[in-house]
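The following explanation is intended for a reader meeting this structure for the first time. Please keep the sequence and the model in view while reading.

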Amino acid sequence: MKNRVLVAYASKYGATQGIAEKIGAVLGDADLSTDVAPMARVGDLAPYSAVVLGSAVYAGAWRQEAATFLETHALALAALPVWLFSSGPTGVGDPVVLMKGWRFPDALQPVADSIKPRAVAFFHGAIDMKKLNLAEKLLVKGIKAPVGDFRDWAAISAWAADIAAALAG
């Protein structure tokens with residue numbers, strides 16, 4: 001069996017990419033051969049024995065390229081161990097509580113159910129006002145979203161370590 005893990009992500013401004021890179025680094029530290037790449041650049045899942053997929057969340061939805069990737073590769077993913085993560089809310093506290101119980105996009109839940117992921121995680125994200133366009137800045141101000149980097153690196157590392165342990169066992 002192949003021993004390569006794919007960590008693929010969909011990120012608009014880099015916060016989700018950073019999470020994916022951290023997950024890849026933790027898996028690499030556990031002696032797993034790991035490729036970290038944007039989903040838009042991944043074509044074939046055949047070289048991989050496990051997959052971790054993550055997307056930034058906007059208005060309760062994964063980025064379009066992530067939704068398309070999940071739907072397009074659902075059959076191949078169902079045959080592999082898969083972990084899913086989302087990143088989005090900023091601020092202090094449990095991301096699920098901040099998002100009023102949201103854990104994963106409703107529109108993609110049937111696809112996720114067919115894949116049967118080993119775990120689904122929801123991490124804090126980051127907002128850098130310098131990277132946003134005018135409409136996004138107005139939206140952030142309008143909804144009073146906390147600005148800054150709220151990613152919980154300890155939680156992300158612990159989740160990735162759990163993946164490494166599952167793949168080692």
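The text moves from the whole chain to one strand and then to one residue within that strand.

The model under discussion is predicted. Its chain folds into seven helices and eight strands.

Among the contacts in the chain with a separation of 6 or more, 77% are between residues 24 or more positions apart. Of the 169 residues, 45% are buried. The chain exposes about 8,600 Å², and carbon and sulfur atoms supply 56% of that area.

Attention now turns to strand β5, which comprises residues 82–87. How is β5 placed relative to the rest of the structure? Six of the six residues of β5 are buried, so the strand is largely enclosed by the rest of the structure. In a regular strand, side chains alternate between the two faces of the sheet. In β5 both faces are covered: V82, L84 and S86 are buried on one side, and W83, F85 and S87 are buried on the other.

Which strands pair with β5? One partner is strand β3, residues 50–58, which pairs with β5 in the parallel sense over six bridges. Within this pairing, V51 has V82 of β5 as its bridge partner. Another partner is strand β6, residues 119–123, which runs parallel to β5 and is joined to it by five bridges. Here L84 has V120 of β6 as its bridge partner.

Is S86 buried or exposed? Its relative accessibility is 0%, and because buried means under 20%, S86 counts as buried. Leaving aside residues up to four places away in sequence, S86 touches S55, V57, W62, W102, R103, F104, A121, F122 and F123. Of these neighbours, S55 and V57 fall within the residue range of β3, while A121, F122 and F123 fall within that of β6. The side chain of S86 also forms a polar contact of 2.7 Å with the side chain of W62, a residue that is likewise on the list of those S86 touches.

Conventions:
Residues are numbered from 1 along each chain as its sequence is written. This is a predicted model: local features need pLDDT of at least 70, side-chain atom pairs count only at pLDDT 80 or more; totals for chains, interfaces and linings use all residues. Side-chain values use heavy atoms; hydrogens and water are left out. Helices (H or I, at least four residues) and strands (E, at least two) are DSSP runs, numbered from the N terminus. Buried means under 20% relative accessible area, exposed over 50%, partly exposed in between (1.4 Å probe, protein chains only). A polar contact is a pair of N or O atoms within 3.5 Å; within protein, one must be able to donate a hydrogen and the other to accept it, and residues adjacent in sequence count only if both atoms are side-chain atoms. Contact means heavy atoms within 4.5 Å. Two strands pair if DSSP finds at least two bridges between them. Accessible areas come from the Shrake-Rupley method with a 1.4 Å probe; for residues, only the protein chains shown count as cover.
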